[in-house]
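Please look through the sequence and the three-dimensional structure shown here before reading on. The report that comes after is meant to be read with both of them in view.

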Amino acid sequence: MTPPELSRRRVLTGALGVAALALTGCSGGGTGEERLRVAFATGGSRESLDPHVLPLYVDQARAKACFDTLTGWSQDMTPEPRLAESWESDATGRRWRIRLRAARFHDGSPLTADDVLATLARITDPATTAIAATLFRDLDAAASRAVSPTEVELVLTRPNTLFPLAWGAPGTEIVKAGTTSFDRPNGTGPFRLASFTPGGSTVYTASEDHWDGAPGVRELEFLPVDDEAARIGALLSGQVHYAHDLTPTGAARLGGEQRASALSAPASASQFLVMRVDRAPFSDPRLREAVRLGIDREELVRVVLLGRGRVGDDMFGQGLRYHPAGVGPVARDVARARALVTEAGAQGAAIELQTSGADPTFDAATALVARQLGEVGLRVTARPLPSSGYFRAIRQQGVFSQNSTGSLPIPDYIGRRMLTSTPTYDFTGYRSPEIDRLYYAAVATTDDAARTDAFARILGLLRAESGALVWGVRDWNVGVAAGLTGLEAARPNTFAWANFARARLG
C-alpha cells in the first residue's frame, strides 16, 4: 500500500508504482523476513547487469551482490584481499604475481587465472566502454599470463606500485572467460540472480556455498525508488528495509524514529562547483577567482548539509590518505570578489548554474550559491537538467555546474579522472601535462614521502587552476529498518558500502 504521508503521484514519480511495492513481500516465494528489500534510485528501462559499465550506485550495488573483485577498498581507501588471496610485485612495480583463492562461479566452475585475464581484456577493450578502463591502460596484455590455474602474472608497460588499488575499483568485477551476455550473469558473488526487469525489481537468491560464507538472508531484492521522500516513506511503512542515499534532511527525519534509523559515514562525498576554464565567461580567471571568493562555504554546509559534513578546502579527498595536511578553506571576501567581477566587466552578468536531481543536495546548493554570488555582482539562475544523462550533459555542454563525487582513493581519483588521457570525467576543460608527470612519478616510486609530496602538488594545482571547487564534504547517509543488522556506516565505493552479504533481518 502507499505510505500514508505520500500521494500516489509522489510514489509514481519515484519510478515505483503502488502495485510493484505491494507485491514485493510475496514475489519469488520469499517471506517478509527471508527477503531483504532495498530501495535505490535507478536508471530506468535501459539498465543492464553488465558489471563493467556501471554509471549509477544501484548498478554497483547489484554487481557487488553477484560478482567479486580481486581486492576491496577499506574505509581508509587501501586494498584488502578478496578474490586475490595475496599478491607481490617485482622491485620495479611492473610485474605483479596474484594468487587466487579457491572460489567458484554460480555455475559451479572454479575461478581461474584465465578468467582474470579475460576480464581485464574485456575491461580494456574500447568496445566495452568500461568505466575502469583507464586504470588498466598500462597493462601489457601480451606479456601477462596464467602461471597456473590459481596464479596470474600481470605485466605493466610502466611502474605502478599502487596497482592493487585498481583491482578493487567499481567496474572491475571478475567474470567468467567467454562471457558474452549478462542476461543471466554468472559471478562468484554472495547472491545469484533470480530475476531482473530493467527499470524495475531485481531479485537475487543466496549462494550458500560462497567462498566467504553464506549470506545472512535467503533473498535480496532491489526496488527502484527515485524519489527520496518515497524511499523514506517505504522504509517507515515497512515496505523496504534499506533506503539508499538520503539527504541531510532525510537523515534528520529518521532521528528519534523507532521504526528506522540513519547510518552516516562522516565526510564521504565531495560537493563541487565546476566552471569550464575553456568556455566563456569562466575562461577569464578573474571570474573564477570571484566565484572562489564569493561563495560562503560555511553557510552552504550549515544550510544545505544541515551541518552534517565539513567545510571544503577546494581539494578532493579531505580526510583520506595523500590529502595534504593543514590546508584550510578559502575565506569569503565579498569586496575582493566584487572588485574582480567589475574588473572583468561582468557586473550584472547573467550566468546559468546547471543542476539536477542527480544528487539530493544540488538544488538547495544552487539556490544558495545564486544568492551568495548575487552579492558580488553576478546574476545566477538555475538551469535544471534531467537526472538521466546529467553528468554527460555537463561534460559536453556545461559552463557552470553542480557536481559530486563519492569517496575514492586519491590515486584512483587522479588516475581515472584528472589526466590528459582521461576525458570521460572532464567537467572543467582543464588538463595539465605537469599533473600527468607528477602522477606517474608518484605511482612509480616506493618512497612514500615522495609519493605524498607529488599527490599534494597535484591537488594544489587542481585547487588553483582547474575550475573545480570542493565547497563541502557531506556525510553519506542511508536508512535502515529497526531489526536490520550486519550493515555498517560505510563510505561509498568501499567494499562495505551497499554490501548485503552479512545483513540479517531480526
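The sections below take up aromatic pairs, charges over rings, a span listed in a record, and a pocket.

## Aromatic pairs

This is a predicted model, and a search of the whole structure finds 20 aromatic pairs. One of them is formed by F40 and F222, whose rings lie 5.5 Å apart from centre to centre with 45° between their planes, and this pair is tilted. Because F40 belongs to strand β1 (residues 35-40) and F222 to strand β10 (residues 219-224), the pair ties together parts of the chain that are 182 residues apart in sequence. F40 has a relative accessible area of 0% and is therefore buried, and F222, with a relative accessible area of 2%, is buried as well.

F222 also pairs with F500: the ring centres are 6.1 Å apart and the planes stand at 75°, and since an angle over 60 degrees counts as edge-to-face, that is the class of this pair. Here too distant parts of the chain are linked, as F222 lies in strand β10 while F500 lies in the loop between β18 (484-485) and β19 (504-505), 278 residues apart. F500 counts as buried, because its relative accessibility is 3% and the cut-off for buried is under 20%. Taken together with Y204 and Y242, the residues F40, F222 and F500 form one aromatic cluster.

## Charges over rings

Aromatic rings also meet charged groups in this model, for the charged end of R158 sits over the ring of Y440, 3.6 Å from its centre. In a second case, the charged end of R417 sits over the ring of Y425, at 4.1 Å from the centre of that ring.

## A span from the record

An unreviewed UniProt entry lists residues 78-402 as "domain: Solute-binding protein family".

Sorted by class, the lining of the second largest pocket holds 10 nonpolar, 10 polar and 7 charged residues.

Note on methods: Residues numbered from 1 in each chain as written. Predicted model: local features only at pLDDT ≥ 70, side-chain atom pairs only at ≥ 80, totals over all residues. Heavy atoms only, no water. Phe/Tyr/Trp six-rings, centres within 6.5 Å; stacked < 30°, edge-to-face > 60°. Helix = DSSP H or I, 4+ residues; strand = E, 2+ residues; numbered from the N terminus. Buried < 20%, exposed > 50% of the residue type's maximum accessible area, 1.4 Å probe, protein only. Lys NZ or Arg CZ within 6 Å of the ring centre and 35° of its normal. UniProt positions renumbered as here; feature names shortened; annotations may be inferred. Nonpolar A, V, L, I, M, F, W, Y, C, P; charged D, E, K, R; others polar.
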